[in-house]
Amino acid sequence: MGYDGDSTAVECRQLTKVFQRLLESRAKAVYALREVSLTVHRGQIVGLIGPNGAGKSTLLNLIAGLILPSEGALTVCGHPARSIAARRGLGYMPEHPVFPGLYTARAILRYHGALLGYTAAVIARQTDRSIDQLQMQEFIDRPASDFSQGMKQRLALAVALLNNPRLLLLDEPSNGLDPVGIIQLRDLLKRLRDSGAAVVISSHRLGELEKLTSDYIFMHRGRIVSFADKISAGQAGKLHVELVSDGRQVAEKLSPPDRVLEVSATELIIGINDPDEVPDIVSRLVQGGARIRSVLLQGEDIEQVFLRLCKEGA
Amino acid sequence: MRAYELMKETFFRRTYIWMVHVIWLVLYGVFWWLFLPEAPEFGRFLFIWAGFFLPLALSAGIFGDDIASGRICVIVTRPFWTGELYIYRLLGLSVQAAVHLLLAGAVVLILHAVMRKGRVDDLGVWLLATWLLFNTCAALSTSLSIVVGRAFNSLLLLVVIVTGYFLVGLLSMYLRDQASTSALASFIRYPWPPFELLYKFAAGEWGQYAPTVGKYSVNKSIACVVHSLMLMLVYSIIGIVLLGRRQFSRVRD
């Protein structure tokens, strides 16, 4: 992607994480991550996807410095993960943000500003910016115990953005957000990316991720299965062919037959690997006697990629 | 700012904390009102309630709650030495205790002035001994909170200390001259919060607690204060090391 060494936000080399209880044999240990290597650059939004138990949260926790790797090396913004220097450029938003119930949103931002070592004036400026950025005017002076899930998410995001992070780690950031909130979040993350920050998002909301990025890390059983940018939408998909004549007869003439995903009297759905194949397929169909009413190329979206990779992984 | 916020948080983290302070202060008043202490009974009462039970109440889940809820995951990603988190939270408890004890002293002085009964001449030394005991108990409980889930640190400490002292009492009664009893009593007396030592310090009873090494001896009051502060330091160092090495994960994916 043409980035130099300084632009690396996260670099993992042969990262392994084993959860082993005290006095438990190695055989019973859980390998949450196995020899994971990856690089995330600044100015990049990466979607961390995979089925439950794949190791996404473990990877996110390792990058955030919440847990230590069993083996391998991990640097964050050029510094060893968990070091104070690494944490200086880090913003982290957990899946279920928790705030002390007696604190207002403003007090919570002030608290985190103080943890960052900011002066009162800087905290006030950053708080005002967060209020505008995340539309928090309504609830900024209300106690956190009264917050809805959406308000908590906005506040958690404001907390994560307080230090203008170079690396932002988000765990299911759109949980509980209304459609307006989701759009605002998307715009905000794009602006962050454009300003040079790296964003790593762990999410099961694939449709949302697809609107943000085409860079994915697909995880399965503690390993990275594939970077979905290599199999991004457009490289694979389905061709919906609406027919006048009997589709079943036409399907038999197609070669190879396993490319036909679905067939009915008036419709054929054909799996394609490359959009450039479409003219040839249509031509073969016509030569085979098909009377075509319409053709629709539907690129494989991230959900379909996810399902396919899950199936392949299984 | 950081120190202030982390100290302030120890008071505002849970709604029940201010109630603990109020209930305890009311208890002191009721005790004084009912028993009109002539001798150092009030000091003893304060010593147990504010020196032992108050730190257990105030430090319950001081780290355990945050670890269980996952809130700590955001706090420890902030760029500062994790030891500060421990130090300022303990300091927050200590400041709360100091204010609490000053208020308790004020309540007693007012009651004494109004009722013209009771003894307050030894109140100062009881308040100091109570504060020192509070600090050691709070440090031990705070360190336990890093490894024991939710608010069970206080419960565990209560059970261990009460059981320990009960056992030593039993052993002392039945095995008065045994060397093992003496060893166990020493084990309880020295590494654990110095109840006996501070009690004798406040009550002006010294006897066997003369700290001498060879021909050298120290002023007993200073030795007592230093001993309790050293214990607090040791508990705190253990806590800071535990917090620095602790992994915080809520793996759900």
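## Chains A and B: a working chat

User: How many of the residues of chain A count as buried?
Analyst: Of the 314 residues of chain A, 40% count as buried, where buried is for a residue with 20 or more other C-beta atoms, placed from the backbone, within 10 Å of its own. This is a predicted model, in which local features need pLDDT of at least 70 and side-chain atom pairs count only at pLDDT 80 or more, while totals for chains, interfaces and linings use all residues. Residues are numbered from 1 along each chain as its sequence is written, and chains are lettered from A and ligands numbered from 1 in the order in which they are written.

User: How many helices and strands are in chain A?
Analyst: Chain A has ten helices and 14 strands, which are DSSP runs numbered from the N terminus (H or I and at least four residues for helices, E and at least two for strands).

User: And which domains does chain A have?
Analyst: The assignment gives domain 1 (5-231) and domain 2 (237-313), with bounds that come from an automatic or database domain assignment. The C-alpha centres of domain 1 and domain 2 of chain A lie 40 Å apart.

User: How many residues does each domain of chain A give to the contact?
Analyst: Domain 1 of chain A gives 13 residues and domain 2 of chain A gives eight residues, with contact taken as C-beta atoms, placed from the backbone, that lie within 7 Å. On the side of domain 1 of chain A that touches domain 2 of chain A, the largest share, four residues, comes from α7(A).

User: Switching to chain B, at what angle do α2 and α3 pack?
Analyst: Helix α2 (residues 16-35) and helix α3 (residues 41-59) of chain B pack at an angle of about 165°, with their axes 11 Å apart; axes are lines fitted to C-alpha atoms, for helices over the stretch in contact, and angles run from 0 to 180 degrees between N-to-C directions. α2(B) and α3(B) are therefore roughly antiparallel to each other, a label for angles over 145 degrees.

User: Which residues of α2(B) make that contact?
Analyst: Among them are I17(B), W24(B), F31(B) and F35(B) of α2(B), and they meet residues of α3(B) including F42(B), W49(B) and L58(B).

User: How many residues do chain A and chain B give to their contact?
Analyst: Chain B gives 24 residues and chain A gives 35 residues. On the side of chain B that touches chain A, α1 (2-12) and α5 (72-75) of chain B each supply at least two residues.

Note on methods: Contact = placed C-beta atoms within 7 Å. Parallel < 35°, antiparallel > 145°, perpendicular 65-115°, else oblique. Buried ≥ 20, exposed ≤ 12 C-beta atoms within 10 Å, placed from the backbone.
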